[in-house]
Structures are given as structure tokens and as C-alpha cells.
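Hi,

Here is the structure I promised to pass on. Have a look at it first, and then read my notes below.

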Amino acid sequence: MVRDSKADGARPLPLDGIRVLDFTQVMMGPCCTQVLGDYGADVIKIERAGRGDLSRWSVGEDPDGGVNPVFASLNRNKRSVALNLKREEDRAAVPRLVETSDVVVNNFRPGVMERMGFGYDDLRRINPRIIYAVGTGFGLEGPYVHKGGQDVLAQAMSGAMHRRSDQSLPLSVYPTALADYAAGMHLLQGILLAILQREKTGEGQRVAVALYNSMLAMQMQEAAAWMMRGEELNWAAMPLSGVFETIDGAVVMVGAFKENPLRDICTALGIDDLSADPRYATLKSQKARRSDLQEIFRKRFATDTSAHWLERLDGVDILCAPVKTLADALDDPQTACNRMIVELEPTAAGPVRLVASPIDMSAAPFAVRRAPPALGEHNDEVLEAVHAGEDAA
């Protein structure tokens with residue numbers, strides 16, 4: 001419904017002509033809508049006047065006026081419109097924008113959009129082709145429907161937090177927002193599927209995902225093993241895998257996908273073949289004596305450098321890798337080769353360097369066409385067009 005963003009003659013992007021009205025904030029919704037913007041959609045980010053997306057201030061008062069690293073990482077290729085939805089004039093702009101939009105996305109608690117008059121039933125009366133995408137913590141109905149949803153809560157309540165490599169270890173929060181990212185990508189999938197279905201039917205629909213559901217879906221193998229066999233499946237607790245400290249760091253080893261991985265591990269470590277010992281001859285016995293095996297491995301890895309052990313493990317085709325810091329990974333030549341870092345024009349607060357899209361399309365290369373916006377940066381160009389009855393492009 002918007003003009004082609006590649007009208008200059010360049011090859012069009014997959015989502016050129018798709019307009020997204022984006023009410024999302026923090027991570028789950030914004031990581032979804034950012035991908036839509038990366039590949040051509042016109043994403044109009046609706047923010048609260050005066051403060052905006054909560055992630056603008058998630059690292060404290062920002063010298064860049066709310067375009068801090070957290071916000072910038074999630075909001076490129078979008079236009080920001082700041083509205084006070086308690087003011088009738090600002091509220092009136094939303095239905096006009098819906099008329100010319102393809103997708104509306106929000107990640108408020110159930111009922112919030114409805115109370116504002118912007119629920120699915122309200123908006124589809126304005127535009128029957130609208131795709132109404134909503135992300136919640138726990139779903140649109142059920143006992144937790146009004147409970148506040150958040151990544152860590154979904155980790156805990158889905159069972160993911162309870163599972164760890166060794167039950168003697170303390171329970172802990174996974175330090176990356178797994179649920180937010182997974183649910184954001186599921187929301188993206190749903191939107192794209194709905195766009196494809198609309199091509200066949202001419203009608204929009206509601207798309208809903210939940211942090212809780214996404215974390216359950218990420219455990220599909222473990223869940224099936226429990227429901228069908230009553231067995232606990234824990235990939236992190238496999239007897240021939242683990243993280244082992246060395247003289248100068250740590251390596252991770254995965255002893256699997258081979259006929260006799262224990263024999264090859266012992267060859268790499270320069271120790272007697274434990275697979276010839278009846279106590280460790282089968283996977284069942286290895287699982288029963290996992291702590292013994294892990295202690296043998298730990299003591300051996302501690303005698304030499306990471307580089308030494310990686311070379312030895314690679315030599316017998318045992319899957320292995322060094323344990324790196326994020327800083328190390330960002331500086332890795334593979335990261336540069338994969339074009340995973342994008343650098344924008346610096347701001348007064350310093351450089352703007354972001355992780356690029358992980359999707360590599362030969363006919364639709366990733367690019368940042370719009371830097372992460374300041375709050376309300378595009379109010380004039382969007383709202384003036386709306387008031388004039390134009391397309392807001």
C-alpha cells in the first residue's frame with residue numbers, strides 16, 4: 001500500500017509495498033518488525049509522546065536522547081511517530097493510518113489495545129485486509145492471561161530454566177533473551193504466512209504468539225521424549241559432551257554423531273581407550289557414570305592449552321570449539337566474512353555499530369536504509385500526509 005522503496009530502479013525488496021503499524025516496544029515485537037523493515041516494509045513505529053519505547057531508556061538516561069545501544073539494536077529501518085493516545089487528535093490519526101496499512105503489531109497485555117479502541121475487531125472494520133499481529137506473555141486466554149509476561153518468566157514457567165547440565169548447579173537466568181527473540185521470530189513467521197494467505201483469500205486475520213508458547217516449542221524434542229516415553233532428554237547433560245577449562249581458557253566438546261565417540265575422545269586426549277572398559281562400553285553405562293567421565297576429561301583438559309586440545313579433537317573429527325567472549329566473537333574473522341556487523345554514521349555519543357540481519361538473500365541484500373529514529377522524528381512527514389488524506393509514504 002506504500003510506494004516502492006526501490007523506485008530508483010534498483011531491484012525491489014521482498015516486502016516493498018507493505019506498510020506496518022508498529023505499537024511494539026522492548027524486544028519481542030521490535031525484533032520482529034525490524035526484520036520486516038530490513039526487507040522493505042515501511043514500518044511506522046507508534047510511540048508514547050515524551051518517553052517512547054521503554055528500551056530507549058533501558059540503560060539509563062542516554063546522551064543520545066533515547067537512541068541508546070539497546071534501542072538502536074532493535075529499531076533500524078523504521079519511522080518513529082510519537083502520539084499521546086489520550087488526546088483525541090492523536091487517537092484519530094490511528095484509524096487513518098490503519099486504512100493504508102497491511103499489518104498492525106503490538107505486544108501489550110491482552111485487553112490494552114481493545115480498551116483504546118484498537119482491537120482486532122475494531123481495526124478490521126476499518127480495513128478488512130489488515131493482519132493484526134499480537135505477542136503476549138502467556139496467550140490470549142487461560143489462567144495467566146492477565147499476568148505480566150517477560151522473557152525470564154517464560155524461561156521459568158516453561159520448564160527451560162529448570163533443566164541444566166548438572167542438577168547440582170544452582171538455577172539461573174539464561175543471560176540472553178531467548179524467549180523474546182524466539183517469540184519475535186515466531187511472530188514474524190506468522191505475519192509472513194498471513195501475508196501469503198491474504199494473496200489467496202483477499203482477507204486479513206489475527207496472528208498471535210506468546211513467550212510461553214515459544215519456549216515450549218523450543219523444547220519440542222525434550223517435551224516429546226517426556227510425553228511419549230516418560231524420559232528426561234537433556235542435551236547439555238550428555239556424558240561425552242561439556243565445557244572444559246584449559247590452561248588458557250575453555251573448550252566445548254560434543255561427543256556424538258559417531259559410532260564410538262568415546263574412543264576418539266580418548267585418542268585426542270592421549271589416554272587409554274575407556275570405551276574398552278566395561279564400565280563405559282555403552283551409552284547407558286556412560287550416562288550412569290557421567291560424573292566419573294567428566295572428571296577424567298576435566299583433569300586432562302586442564303593440562304594444556306585450548307589450541308592444543310582443539311587441534312587434537314579436530315584431528316579425530318570430534319566436534320569442538322573455543323569458548324569465546326562476545327567481544328572475541330564480534331572480532332572474529334568469520335563474523336566479518338559473514339558481514340554480520342554494520343556501521344552507521346556516528347552520533348554525538350559515539351559510534352553506531354549493530355549486528356546485521358542473519359538472513360542472507362542473494363537477490364535482496366541487507367541494508368540499513370533508515371538509522372534508528374529519534375522519538376517522533378517522523379511525526380511531520382507521516383501525520384501531515386494523514387491529515388491531508390494522502391498515503392503517508
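**What I found**

The protein chain has 16 helices and eleven strands. Bear in mind that this is a predicted model, so everything below is computed from predicted atoms.

First, the overall picture. Along the principal axes, the C-alpha atoms of the protein chain fill a box of roughly 80 × 45 × 45 Å. The chain has 393 residues, and buried ones make up 45% of them. Its accessible surface comes to about 20,800 Å², with 54% of that belonging to carbon and sulfur atoms. If you take the contacts between residues at least 6 apart in sequence, 69% of them join residues at least 24 apart.

Now for the salt bridges. Side chains of opposite charge can pair when their charged atoms come close. The count here is 21 salt bridges, and a few are worth a look.

Start with Arg56 and Glu47, whose side chains meet in a salt bridge at 2.7 Å, N to O. Are these two buried or exposed? Arg56 has 0% relative accessibility, so it counts as buried. Glu47 has a relative accessible area of 4%, so it is buried as well. The cut-off for buried is under 20% relative accessible area.

Next, go to Asp102 and Arg198, which form a salt bridge with the closest N and O atoms 2.9 Å apart. This pair links distant parts of the chain: Asp102 is in the loop between H3 and strand S4 (103–106), while Arg198 is in helix H7, and 96 residues separate them. Asp102 is buried, at a relative accessible area of 3%. Arg198 is buried too, with a relative accessible area of 3%. There is also a network: salt bridges that share partners join Arg19, Asp42, Arg79 and Glu381.

Glu99 is partly exposed, with a relative accessible area of 43%, and Arg96 is partly exposed at 35%.

On to how two of the helices pack. How do H7 and H8 lie relative to each other? The axes of helix H7 (residues 178–201) and helix H8 (residues 211–218) come within 8 Å and cross at roughly 95 degrees. The two helices are therefore roughly perpendicular to each other. On the H7 side, the contact is made by Leu178, Ala179, Asp180, Ala182, Ala183 and His186. H8 brings Leu211, Ser214, Met215, Ala217 and Met218 to the contact.

Then there is the surface. Trp226, Met227 and Met228 make a nonpolar surface patch of about 430 Å². Of these, Met227 has its place in helix H9 (residues 220–229). Met227 is exposed, with a relative accessible area of 69%.

Ala49 is in the loop between strand S2 (42–48) and helix H2 (69–74). Which residues does Ala49 touch, not counting those up to four places away in sequence? They are Ala82, Leu83 and Asn84. Ala49 and Asn84 are 35 residues apart in sequence, yet their C-alpha atoms are 5.3 Å apart in space. With 43% relative accessibility, Ala49 counts as partly exposed.

Phi of Val26 is near 65 degrees, a positive value in a residue other than glycine. You will find Val26 in the loop between strand S1 (19–22) and helix H1 (28–38), and it is partly exposed, with a relative accessible area of 37%. Phe257 is not a glycine either, but has a positive phi of about 65 degrees. Phe257 is in the loop between strand S8 (250–254) and helix H10 (261–269). Its relative accessibility is 74%, so Phe257 counts as exposed.

Cheers

Terms used. Residues are numbered from 1 along each chain as its sequence is written. This is a predicted model: local features need pLDDT of at least 70, side-chain atom pairs count only at pLDDT 80 or more; totals for chains, interfaces and linings use all residues. Side-chain values use heavy atoms; hydrogens and water are left out. Patches are made of residues with over 30% relative accessible area and no salt bridge: like charges are joined within 9 Å, nonpolar side chains (Val, Leu, Ile, Met, Phe, Trp, Tyr) within 5 Å. Accessible areas come from the Shrake-Rupley method with a 1.4 Å probe; for residues, only the protein chains shown count as cover. A salt bridge is a side-chain nitrogen of Lys or Arg within 4 Å of a carboxyl oxygen of Asp or Glu. Helices (H or I, at least four residues) and strands (E, at least two) are DSSP runs, numbered from the N terminus. Buried means under 20% relative accessible area, exposed over 50%, partly exposed in between (1.4 Å probe, protein chains only). Axes are lines fitted to C-alpha atoms, for helices over the stretch in contact, and angles run from 0 to 180 degrees between N-to-C directions. Angles under 35 degrees count as roughly parallel, over 145 as roughly antiparallel, 65 to 115 as roughly perpendicular and the rest as oblique. Contact means heavy atoms within 4.5 Å.
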